[in-house]
Amino acid sequence: MNCKSQRRLGTAIVCAASFLGWSCSDQPHAAARHYKLSESVVKELEDAGFRAREEGQVLGALEMLFGTPAAPGYLVTNEWLDDGFNPNWPNYAVGDNGSGSVTDAEFAAIVEGNRQRFAGVIAEIEAGNFDGVEKALADIPRGNLLAKLWADLYASLGEEPSADDVAAFKDDAKLTFEEYYPSFADSAELYRQQCLHCHGNEGGADGPTARFLNPLPRDYRRGIFKYTALKDKARPRREDLFNTLAQGIYSTAMPNFRRFSDAELHGLVDYVQLLSMRGETEMLLAANMVSDEALTTDMVLETYNDVWGRWSGQDEKLITFDGPIPAPTPELLHRGAELFNDPNKGNCFSCHGQAGIDEHGHSWGGRGNGSAAFADVLDEATGEPVRSPWTGMIEKKATYSDDWGHTIVPRNLEEGVFRFGRRPIDIYRRIYAGINGTPMPAIGESKDAEGNPLLSDEDMWALVHFVRSLSEKHDGIGLLPQRLVARDDSASEHSEHSGHAPAEHGEESTH
Amino acid sequence: MRFLATLLFLALLVFGVWSFQAAESFGAWLPPHVSSFGPDIDALFKLILWMVTFFFILTEVVLIYCVWRFSKKDPSKAHFTHGSHKLEMLWTAVPAGLLLVIAFAQMGAWANIRFPSAFPDGEPVAVAWASQFDWRFQYPGADGVLGTMDDFESAHDFVVPAGEPVKFILRSRDVIHSFSVPQFRLKQDAMPGMAIPVWFQVDEDRPGDYELICMELCGWGHYKMAGKVRALPRAEYDAWVADQQAQFMSNGIEE
């Protein structure tokens, strides 16, 4: 190899190495400088004859209300100032269970989590080794986000402090880390690292990895969240969002984020709530602008207050049950099976498929193959049902779609995969309030012709326990297919199932 | 040039031997073991490491000698050889013998970890479900039977009693995953459609949180498929189970 080509090779290696170093470095990518308007809002505005100038006005108003990705935060209105309410202050209302605050128990968990996370840092502070704190912080995952917090704190100690000053500073610094609660900017940074790749910069489910997922990630901007513990399709409580982060949504691409501390998760909840409120405000503003033909300050503030109104008072809508949960007796389970298959009561079978209890007392069915949820695929030319060239069976396609416009199929209840949780009260809440944004109805809120509740408390629990019993594994670990353990008397359903159209979720297509 | 090349290979030898001797003090070696499998697995690891070290030094010394001896310009004619039958026998028989040594040395450890006869008696404490990209642990409820309606689930955290054998069933909901806790020296693939019994015992004096990772590339989110094994003293474990069972039967008022 001659000298020149050696040099060229050397340059190439250095370039490749620096490129790799740059692309693999854990330096956070620069935040997008502004939020964008959603495509649907832009279309709505343009259809109404508005142009870039008006779009800019909406963006400006939203930026005033909710800040930018690098500096997110709510606009504090004059009334709030008078009331001493400031949602930008970390854990701004400890002890007060108003919307957006953390409860005493949550705060205790945050402190406990921080003590574990910052154990090394707190040890250095207690030992008086203040110069070691920076390194201890750097050793903690995402500890670099707190470097500035510490630098400012340390600077406050001043030159040549007295022994009393140092003692007071130690207590102060320890408390700062124990009660650490991320700012909006810190949470936005964590969101960019962990959530943005699916949920997108504005929470519009348009991140780069979103399109590979099935089911698709949630678009927060409409304020609709599928899994809450509330009735009336209310906006979620912070506990609901926190649970989604801590538990994940099982069997979807949304994993649990338990590996983060409670403080970080609460910070993410704050930020998701901000994005969601921003999205709702955006859509309402656009609608108001189209009807009023101009954007005014009053309209902006009114919309802002409307959205805040939607996001408060959720605690009154929490679904609970008075008294202990009834035991799942065989009588109750049989009652549940009746309700499940009764078109005038539960009507569950129409989507989830027939279900029952066999002679051994084992529940079976509810495989998500109900006739209402699927339709035959028809040949466009002849109108005849299309048969699969492989199986000879009639091809099926899902008939339902959710509020975001995605095709969805009913849950296979035999799998025992419950996205909101598998506790009896979780299933009770799902049957009572339905699933927001989907065809799953709120049966608990339904009334019959005379205006009485469709299902009594006992009926509700019968249904809940029956649904839970469908996923019982009679060999203990669920290796034996349920249909071999439980009786299967519906040959027709089988053919329906194996031929159905693109299933939304992996577990439905395993049969 | 000849001197430099020899020095380069010598440096490689010295660095290679030094690096594995010093790695432990840099914290770049196996994490300290905390389970009953630890001593066996680490002894096997050391045995194989010393074998490899011996042959590394041997081959490096031969290499260094050859670099030094044959890089000198030699005008004499090269001579042709058909090879040496004796030498070939030797370099086949010695590695085969060593493989046999390893094969016999590991049998006890393998049987202890994998053979059904070595499994602790009693029912499994939980079913560990691996799915893309989540660990979830299904515990029997108040009736003590797995697969019934009162089973509760724990996401991310696998809570087990320390100081006693823990048997669980490993399952996968979708693709192949691998249950791996480096500090337990335990790794087991989870296969879809199979229920694989696994056991371990955390040392009684080492309760604590241990990292659980998926060790089989399982999809785009493989890197975030983390979990935690929390080994608690028996009393705390019982209290945790009771608390989870109570939470499972919550009526939504007290949560």
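Figure 1. B:Asp151 is buried because 22 other C-beta atoms lie within 10 Å; a residue counts as buried if 20 or more other C-beta atoms lie within 10 Å of its own, as exposed if 12 or fewer do, and as partly exposed in between, with C-beta atoms placed from the backbone. This is a predicted model, in which local features need pLDDT of at least 70 and side-chain atom pairs count only at pLDDT 80 or more, while totals for chains, interfaces and linings use all residues. Residues are numbered from 1 along each chain as its sequence is written, and chains are lettered from A and ligands numbered from 1 in the order in which they are written. To find B:Asp151, look in the loop between β2 (134-139) and β3 (152-155) of chain B. Helices (H or I, at least four residues) and strands (E, at least two) are DSSP runs, numbered from the N terminus. Which residues does B:Asp151 contact, leaving aside its neighbours within four places in sequence? They are B:Gln138, B:Tyr139, B:Pro140, B:Gly141 and B:Leu146, where a contact means that the C-beta atoms of two residues, placed from the backbone, lie within 7 Å. B:Tyr139 is 12 residues from B:Asp151 along the chain, yet their C-alpha atoms are separated by 5.5 Å.

**Figure 2. B:Leu186 and its contacts in chain B.** Here we visit strand β7 (residues 186-190) of chain B, where B:Leu186 is found. B:Leu186 counts as buried because it has 20 C-beta neighbours inside 10 Å. Not counting residues up to four places away in sequence, B:Leu186 touches B:Ser35, B:Phe37, B:Ser180, B:Val181 and B:Phe200. For a view across the chain, find B:Lys72: it is 114 residues from B:Leu186 in sequence, and 52 Å from it in space, C-alpha to C-alpha.

**Figure 3. Helix α3 of chain A and its two sides.** How far apart are the end C-alpha atoms of helix α3 (residues 52-66) of chain A? They are 21 Å apart, which agrees with the 21 Å that 15 residues should span at 1.5 Å a residue; the expected span is 1.5 Å times one less than the number of residues. The buried residues of α3(A) are A:Val58, A:Ala61, A:Leu62, A:Leu65 and A:Phe66. These residues cover an arc of only 110 degrees around the axis, which puts them on the same side of α3(A); the arc is that of the directions from the helix axis to the C-beta atoms. That buried set packs against α13 (262-292) and α14 (297-310) of chain A. Turn to the other side of α3(A), and A:Ala52, A:Arg53, A:Gly56 and A:Met64 are exposed. After α3(A) comes A:Gly67, with a positive phi near 80 degrees.

Figure 4. The loop between α11 (196-199) and α12 (238-247) of chain A holds A:Pro215, and the peptide bond from A:Asn214 to A:Pro215 is cis, with omega near 0 degrees. A:Lys233 lies in the loop between α11 and α12 of chain A. A:Lys233 is not a glycine, although its phi is positive, at about 50 degrees. Is A:Lys233 buried or partly exposed? With 17 C-beta neighbours inside 10 Å, A:Lys233 counts as partly exposed. A:Ser251, in the loop between α12 and α13 of chain A, has a positive phi near 70 degrees, in a residue other than glycine. A:Ser251 is buried, with 22 other C-beta atoms within 10 Å. In chain B, the peptide bond from B:Gln132 to B:Phe133 is cis, with omega near 0 degrees, and B:Phe133 is found in the loop between β1 (126-131) and β2.

**Figure 5. Where chain A touches chain B.** The contact takes 35 residues from chain A and 28 residues from chain B. On the side of chain A that touches chain B, the elements giving two or more residues are α17 (424-433) and α18 (457-469) of chain A. By class, that side of chain A has 15 nonpolar, 12 polar and eight charged residues. In this count Ala, Val, Leu, Ile, Met, Phe, Trp, Tyr, Cys and Pro are nonpolar, Asp, Glu, Lys and Arg are charged, and the others, Gly among them, are polar.

**Figure 6. Confidence along chain A.** Chain A has a mean pLDDT of 83, and 85% of its residues reach 70 or more; pLDDT is the predictor's confidence in each residue, from 0 to 100. Confidence in chain A is lowest in helix α20 (residues 491-498), at a mean of 40, and highest in helix α15 (residues 330-340), at 94.
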